[in-house]
Amino acid sequence: MNIGVLVSGTGSNLEAMIRERVPIALVIADRECRALEIASHAGIPTELVERADFGANFDRVWYTEKLVRILERHSIHLVAMAGFMTFLSKEIFEKFDGHIVNTHPSLLPLYKGNRAVEDALTAGATETGCTIHIATENLDDGKILAQERVPIMPGDNVEILHERIKEAEHRLYPKILKDILSGNLAL
Ligand code: GRF
């Protein structure tokens, strides 16, 4: 099963996958980012599908179809989103039906969206966590595969708490991907 990883940013989850020897066939980024450099360094094939438009005119379907064509060209069977910041249209979820996984920095269904860490702090919660789940066309929705709880400490800010959540993601995400590959976890 060939895995393609989608990234946009720091790439610490990608680093954890590489460290844990998850076989990765392709890394795609929507922008120049550290994650792309990490992939190149590790000798993993990369593609930059640059997103030029972040405004209201962004052609989401066109962009998604372009991405799907590249995934197909590389014979990708499983897509792992790791901090990918472009919301894709339904075409990819139809094509890779149930074979797109994502990590989210909260205990879903709590705190969906891209302010999940901040929202947990604002809510005054004493714990949050991370969720590995099947991605669907609805943001941060889909079947939950695994979760890990993370305590919120007095004095935490978004950066500190997000780093603590990422430590959990780095444990959980590579493990879940390996479980899928080995057949221990059926999608
Ligand atoms: C992770 O916390 C992930 O849950 C969220 O974005 C972050 C990506 O971090 N969607 P990194 O780029 O893997 O360091």
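Biologist: Why are helix 1 and helix 2 called roughly parallel to each other?

Modeller: In this predicted model, the axes of helix 1 and helix 2 (residues 34-41) cross at roughly 20° and come within 9 Å. Angles under 35 degrees count as roughly parallel, and helix 1 and helix 2 are therefore described as roughly parallel to each other. Their crossing is right-handed.

Biologist: Which residues of helix 1 and helix 2 meet?

Modeller: Helix 1 contributes Ser 12, Leu 14, Glu 15 and Ile 18, which meet Arg 34, Ala 35, Ile 38 and Ala 39 in helix 2. By class, this contact has five nonpolar, one polar and two charged residues.

Biologist: Which residues make the contact between helix 1 and helix 6?

Modeller: On helix 1 they are Ser 12, Asn 13, Ala 16, Met 17 and Arg 19; on helix 6 they are Lys 166, Glu 169, His 170, Tyr 173, Pro 174 and Leu 177. Five of the residues in this contact are nonpolar, three are polar and three are charged.

Biologist: What is the volume of the largest pocket, and which residues are closest to its centre?

Modeller: The volume of the largest pocket is about 840 Å³. Its lining has 34 residues, of which Gly 83, Phe 84, Met 85, Thr 103 and Asn 114 are the closest to the centre.

Biologist: Which elements give two or more residues to the lining of the largest pocket?

Modeller: They are helix 1, strand 5 (100-104), helix 5 (116-122) and helix 6. Helix 6 provides the largest share, four residues.

Biologist: How do the residues of the lining of the largest pocket divide by class?

Modeller: The lining of the largest pocket has 16 polar, 13 nonpolar and five charged residues.

Biologist: Where is Pro 109, and what kind of peptide bond joins Leu 108 and Pro 109?

Modeller: Pro 109 lies in the loop between strand 5 and helix 5. The peptide bond that joins Leu 108 and Pro 109 is cis, with omega about 15°.

Biologist: What is the phi of Arg 21, and where is Arg 21 found?

Modeller: Arg 21 is not a glycine, yet its phi is positive, at about 60°. Arg 21 is found in the loop between helix 1 and strand 2 (26-29).

Definitions and conventions
Residues numbered from 1 in each chain as written. Predicted model: local features only at pLDDT ≥ 70, side-chain atom pairs only at ≥ 80, totals over all residues. Heavy atoms only, no water. Contact = heavy atoms within 4.5 Å. Nonpolar A, V, L, I, M, F, W, Y, C, P; charged D, E, K, R; others polar. 1 Å grid on protein atoms, 1.4 Å probe; cavity = no way out; pocket = protein on both sides within 12 Å on 5 of 7 lines; lining within 4 Å. Points joined across faces, edges and corners; volume = space filled by probe spheres on them. Axes fitted to C-alpha atoms, helices over the stretch in contact; angles between N-to-C directions. Parallel < 35°, antiparallel > 145°, perpendicular 65-115°, else oblique. Left-handed = near helix turned anticlockwise from the far one by under 90°.
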